[in-house]
Amino acid sequence: MPSLTHFLMLGLILFSIGVAGVLLRRNIIIVLMSLELIFNAVNINLAAFSYYLQSLNGTIFVIFNITIAAAEVAVGLAILVVVYRQRKTVYLDELHEMRG
Amino acid sequence: MEQLFFYIFAVIAVAAALAVITVKNPVHSAVSLIVCLIQVAALYVLLKIPFLAAVQIFIYVGAVMVLFLFAVMIIDIGKERLKEQIHGQKKYAIPAVILFFMATGYMVLWGKLTVPTPNDSAPLPGFHIEGIGKFLYTKYIFPFELVSVLLLVALVGAIVLVMKDKKGNRPKDHTIDEKP
Amino acid sequence: MTEAVWLIPILPLFGAIINGLAGNRIGKKAVGFIGCTAVGLSHLILISTFFHLSTLPHLNRSITVAGFEWFASGYFRIDFSLLIDPLSILIGLVVTGVGFLIHIYSLGYMHADKAYWRYFSYLNLFIFFMLLLVLSADYIVMYLGWEGVGLCSYLLIGFWYEKKTASDAGKKAFIVNRVGDAGFILGLFLLFWSLSELGVYSLKFQDVFENAPRLDPARLTWITLLLFAGAMGKSAQFPLHVWLPDAMEGPTPVSALIHAATMVTAGVYMVARSSVLFTLAPISGEIVASIGILTAFFAATIALVQNDIKRVLAYSTISQLGYMFAAVGIGAYSAGIFHLISHAFIKGLLFLGAGSVIHALSGDQDMRNMGGLSRHMKITSVTFIIGAIALAGIPPTSGFWSKDEILWELFQNGHYIIAILGLLTVFLTAFYLFKLVFMVFLGKPAPDRQIDRPIDESPRIMTIPLIALAVLALGGGVIGISFFGGESFLHVYLSPVFEPGSLALPKTHGTTAFVMMAVSVTLGLLGIFLAALFYLEPLRSIAPKFLNPGEIAKRFNGIYQLLCNKYYVDEFYAAAIVRPVKRFCQICLSFDLFVIDGVVNGAGWLTRLVAWLSHQFDSYLVDGAVNSLASVVNIGSRVWGRIQTGYLQNYALVFILGILFIIGGVMLVI
């Protein structure tokens, strides 16, 4: 059984990749998908802790996390659709009206 | 033995993740994400919480990713050029991410992080759905109800957001075509 | 009885106050009445005091009437008290008597003047101060009176102050007097200081004269010389005589009262009162006599060439005062006082007569325009001629007796030079007096006199005082005649005052006295005769050529010019004193203006500068602060606003950076 550290490192790697995706991709959908990656990395960490600390708290947390991620994706994609309808683009660098 | 499986699942997950953020075609990107998510589910099984694996597959892969694919399909997105990044952001974002990874890696590997020992109920190795159910409806009943409301809100919100007016007008949001 | 003595000076003071405050409202009659009765009542009270005094034993005739304490400082105490003794009563009688007559005369003379009430107020004020001077019991009150009469003299000389010459003359009188007064007060200081060294802290006559013998003679000489300096100013002796001729700008009764009969004699009175001091300092006595007789001669020479009636009389006054000082200088105090009294009558008479002439000629004072007035003004001319005869020293007038007494005393005591000068002056006096008489009253009228109105005798109110004074001038000498083998009434009367001080003069008048009399009378008649030759018509035409006044003037032109210009004394003063002082005043004025204007302008300029600076400060600093605050916010917002790029991913990057910071912080801690 790999140690907790392995799982945490895996989680970290996935998290970093997700962050890189959020920061570096132009397409909103890809950004949203990278966001899902982040969520999953966190879930892995939580599950690992749940196993290695012999506690169900982590598991419960993961359940909730998944649920919320789902809700968020729904809303996010709805916004994407609306934005697409208005501006006919899905590229983030064309959506910068709210600048100051 | 488990170590081997761990490595297999981990590598595939990482590779799939990298594929998510690098491929040009959004559909390919979504499929790579599905692969990654399945690996995560496998890791859950490895951690002897099969319930989570099931939940993951059902909800994440089954619902969320399908939704993504729907969205990708509906919106006519062409292939995008990878090289077109946000102007000026690349040179700050990459070092930041690398730095972040390294710092947090250091913290994880050699940092003296203390982890509080739980004093909750002892886990049941093996099948512990009962435990989850018990917790969910006693200790975590409030978040449970809240999350259900949240789902309702998300549902309603999503519908409202994309609803077109019956008369064919635009939905009730302001035009943002005008210059400020 | 003694309390009534206070009324003597107080009554004229009240008269002055009433006339001064209400004079222009109560009408001319009331003003004149108040003025004359004040003096008249004082005179009556003096007479009664005189009789009262006579009841006292001869050697003890001195009453001090105490008044109130004026001020006290340490041991020094000054009381306002009056001294009643023969000398003060006598002079007081003369002052009030002649003063009363002159007041009556002024009722007529000043009748047409618009400042009638002011005149009588000043005149009464003068009488008050003069009485204070004469009746005082100590030097300080005497000094108060001394200054007061100087003030009144200024007020009255400059009575017609709209006329520049009059106000200038008033100023000149006051200033020259002041110079003398400075000497006087210095003498008083020295006296007090010297006495305080002896332990005596008082300037009462009694105390001074008792302790004077204990003083050092050198100190006494200084004291008496300084006191005499004051007398020189007040009594117009050389070189402080210059004010008296100019003082003729005042009304003629003023000249009569102040500058002939009373004020100018204050100096003589003061020296006589201080007889004890002068006897103890014989050197100053010599000096007093010498200056006196020199002034007498000097003034008489100037009077020879004057053409203004009043100026002739003014110089004559200076000359006669010189005689008085010559007398008291050598110690013949009663002789000096006798001449003072007779001169008061005579000069008063002469001035009033001159005033009568001037009044009749509507203000003309030049003798060359007169002549033959005796035809028109009988009383005036008769009384005037009587006065002239008296002053020339012709027996049996009072003038003869008093002048002769002085000459005899001089000769008797070995002051031969002074005596000879005195005789010469007799000649000159007779000459110029009768030059005046012949030019004005006798002879033919001047050819170029405009006859705009008939010349009438003056009204009775003016001629009655003339007659009274003429009687006194003729008969007043009785009191001073030293009957053969004895002493005059006057001398005996005044002896308790002068006995401690006067010389032990041999009183018997021997043949030398007769010789002196004869000499002086001859000289007087000679002078009259010469004047007749020069100026009286029938004699004039038959006079030899060299005795013509015009010829003599041409021959001795240098001397003539010198005399006409009064020995250039006024010019000397103007150059040596007046002009430098004026220049100094100019310097002070310009300095003052410069400094004051400089200060004021500088203050104004400074205020403007401060205002400008404050404005600059305000607009740059204050506005600058506000503006820079605004621009800081502006720039700051512009700079910081660039964070809001509008790009979502920029914001996400900032998240990550923040997380990095947190991780960094945690790493540092742990």
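I looked up burial in chain A of this predicted model, and found that buried residues (20 or more other C-beta atoms, placed from the backbone, within 10 Å of a residue's own) make up 58% of its 100 residues. I then read its secondary structure, taking helices as DSSP runs of H or I of at least four residues and strands as E runs of at least two, numbered from the N terminus; chain A has three helices and zero strands, in the order α-α-α.

I noted that residues are numbered from 1 along each chain as its sequence is written, while chains are lettered from A in the order in which they are written. Local features need pLDDT of at least 70, side-chain atom pairs count only at pLDDT 80 or more, and totals for chains, interfaces and linings use all residues.

Next I checked where chain C touches chain A, with contact meaning C-beta atoms, placed from the backbone, within 7 Å. Ten residues come from chain C and ten from chain A; on the chain C side the largest share, five residues, comes from helix α25 (residues 648–669).

In chain B I followed helix α2 (residues 26–46) and helix α3 (residues 50–74), whose axes, lines fitted to C-alpha atoms over the stretch in contact, come within 8 Å and cross at roughly 175 degrees. α2(B) and α3(B) are therefore roughly antiparallel to each other, a label for angles over 145 degrees. The residues making the contact include B:Leu33 and B:Tyr44 of α2(B), and B:Gln56 and B:Phe68 of α3(B).

Last, I recorded for the complex an ipTM of 0.92 and a pTM of 0.64, as given by the predictor.

Technical notes:
Axes fitted to C-alpha atoms, helices over the stretch in contact; angles between N-to-C directions. Parallel < 35°, antiparallel > 145°, perpendicular 65-115°, else oblique. Contact = placed C-beta atoms within 7 Å. Buried ≥ 20, exposed ≤ 12 C-beta atoms within 10 Å, placed from the backbone.
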